[in-house]
Amino acid sequence: LFLYGKLWKEMTFIPLERDRIIPIGNPWFELMKPAYQSAFVKKKQILFISQPTIGAELSQYAARLRSLIPEDWKILYKLHPSETCDWKDVYFDLDTDGIDVIEESNVDLYKLQTESEIQVGVYSSALYEGVVLGCRTFIIELEGWQHVLQLIEGGIATKVSDCSDIRLSVKKNSKKDTTKFEQDIFSADWQSNLKKA
């Protein structure tokens, strides 16, 4: 079983000998990352990454945060592809000035993450990519947050039960150093790792 990095191996509970579970890296991400990191500049922008299981509650957090932060900060709410059909009937809280809902599935998530100062989610694997693309990361304490416990325990993400910590982070503009953690998320040089494996 080939995995993205050492961190994923620590999270994997599959009945294989540990030497048969091999971190090699993320080929697509490794290819795309340099272009994104050189082309985009961070904006006063907060990206919510939604999922159908927690979207109704997460959308309420987005609306609450909108009322707490300065107007010059933008909130983007990226829907999961399976949420795009009926979100207007379910996520009423997103009908708020200052929240841009991204419902198109062809929108480039890496671009959004590269441009966003902060990302907010619960347990999407996209949060890991956002960490490496320089997003300050907040995990909302909703069902499933335990799946990204490694980000929280590693000090790379902050778990919150309300929006006040995110509001304070907007004011402080504090950035965490993720460089040590990046190699654990996505092993570098996937081609060499794959050939060796």
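What covers the buried residues of helix 8? The legends below start there and then move on to two other spots in this predicted model.

**View 1. Helix 8 and its cover.** Helix 8 takes in residues 164-172, and its buried residues are I166, S169 and V170. They sit on the same side of helix 8, because the arc they cover around the axis is only 105°. As for what lies over these buried residues, the cover includes strand 3 (43-49) and helix 3 (55-68). Strand 6 (116-121), strand 7 (136-140) and strand 8 (157-160) are also among the elements that cover them. Now look at the face of helix 8 turned away from the buried side: here you'll find K171 and K172, both exposed.

**View 2. A nonpolar patch on the surface.** Three residues, L1, I14 and L16, make up this patch. Together they have about 240 Å² of accessible area. To find I14, go to the loop between helix 1 (6-11) and strand 2 (22-23). Is I14 buried, exposed or partly exposed? I14 counts as partly exposed, because its relative accessibility is 39%, and the partly exposed class runs between the buried limit of 20% and the exposed limit of 50%.

**View 3. D189 and its backbone angle.** Most residues other than glycine have a negative phi. D189 isn't a glycine, yet its phi is positive, at about 65°. With a relative accessibility of 38%, D189 counts as partly exposed.

Terms used
Residues are numbered from 1 along each chain as its sequence is written. This is a predicted model: local features need pLDDT of at least 70, side-chain atom pairs count only at pLDDT 80 or more; totals for chains, interfaces and linings use all residues. Side-chain values use heavy atoms; hydrogens and water are left out. Buried means under 20% relative accessible area, exposed over 50%, partly exposed in between (1.4 Å probe, protein chains only). Helices (H or I, at least four residues) and strands (E, at least two) are DSSP runs, numbered from the N terminus. The arc is that of the directions from the helix axis to the C-beta atoms. Contact means heavy atoms within 4.5 Å. Patches are made of residues with over 30% relative accessible area and no salt bridge: like charges are joined within 9 Å, nonpolar side chains (Val, Leu, Ile, Met, Phe, Trp, Tyr) within 5 Å. Accessible areas come from the Shrake-Rupley method with a 1.4 Å probe; for residues, only the protein chains shown count as cover. A salt bridge is a side-chain nitrogen of Lys or Arg within 4 Å of a carboxyl oxygen of Asp or Glu.
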